[in-house]
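Please look over the model shown here.

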Amino acid sequence: KQEAAVFDAVLVCTGHHSEAHLPLSTFPGIEKFKGRYLHSRDYKDAQDFTDKNVVVIGIGNSGSDLAVEISQTAKQVFLSTRRGAWVFNRVGDQGYPIDIVFTTRVKTFLQKLLSPNVVSNLTEKQLNARFDHSHYGLKPKH
């Protein structure tokens, strides 16, 4: 759905590693926007957004990291995503890195033993244990 909102700053976090991708043609009215817009690649400091209303476009690593950092100084931060995403900590239970937690031999064995639907349901339940993604409009359809 389309909505209208007023922001002091817009961060576009749609680049892919080293090439900044700032698709201004897809933002109707950008030429009339009086605030600041920049690509995440050009971000330097959260202090630049003190007491501002900011929208961060993109829920990848850069967008999520910047939204969290900027939220410490901004008046309000919105994180915009085309579709939902599963959000989880970088550190899992007992302090283990999350990639280690998700790739144990037991879990690999269980994935081969159980149907993909059962694995998906168990994973979704585990990810929603921290917070319910559907309450924030983040639950992916995929």
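The report below covers confidence, the nonpolar cores and the cavity.

## Confidence

This is a predicted model. The mean pLDDT of the protein chain is 87. Of its residues, 96% reach 70 or more.

Strand 3 has the highest mean pLDDT, at 94. Strand 1 has the lowest, at 77. Where pLDDT is low, the predicted coordinates should not be read in detail.

## The largest nonpolar core

The largest nonpolar core has 13 residues. Those with the most contacts inside it are Leu-11, Tyr-43, Phe-49, Val-54, Val-56, Leu-66 and Ile-70. Three elements each supply at least two residues of this core: strand 1 (9–12), strand 3 (53–57) and helix 1 (61–70). Helix 1 gives the most, with 3 residues.

Tyr-43 touches several of these residues, including Leu-11, Phe-49, Leu-66 and Ile-70. Leu-38 and Glu-69 are also in contact with Tyr-43. That list leaves out residues up to four places away in sequence.

Another core lies apart from the largest one. This core has 5 residues, among them Val-10, Val-12, Val-55 and Ile-57.

## The cavity

The structure holds 1 cavity of 30 Å³ or more. The largest cavity has a volume of about 30 Å³.

Which residues line the largest cavity? The lining consists of Val-10, Val-12, Leu-22, Leu-24, Phe-27, Ile-30 and Tyr-37. By class, the lining has 7 nonpolar residues, no polar and no charged.

Conventions:
Residues numbered from 1 in each chain as written. Predicted model: local features only at pLDDT ≥ 70, side-chain atom pairs only at ≥ 80, totals over all residues. Heavy atoms only, no water. Core = buried A, V, L, I, M, F, W, Y, C linked by side-chain atoms within 4.5 Å. Buried < 20%, exposed > 50% of the residue type's maximum accessible area, 1.4 Å probe, protein only. Helix = DSSP H or I, 4+ residues; strand = E, 2+ residues; numbered from the N terminus. Contact = heavy atoms within 4.5 Å. pLDDT = per-residue confidence, 0-100. 1 Å grid on protein atoms, 1.4 Å probe; cavity = no way out; pocket = protein on both sides within 12 Å on 5 of 7 lines; lining within 4 Å. Points joined across faces, edges and corners; volume = space filled by probe spheres on them. Nonpolar A, V, L, I, M, F, W, Y, C, P; charged D, E, K, R; others polar.
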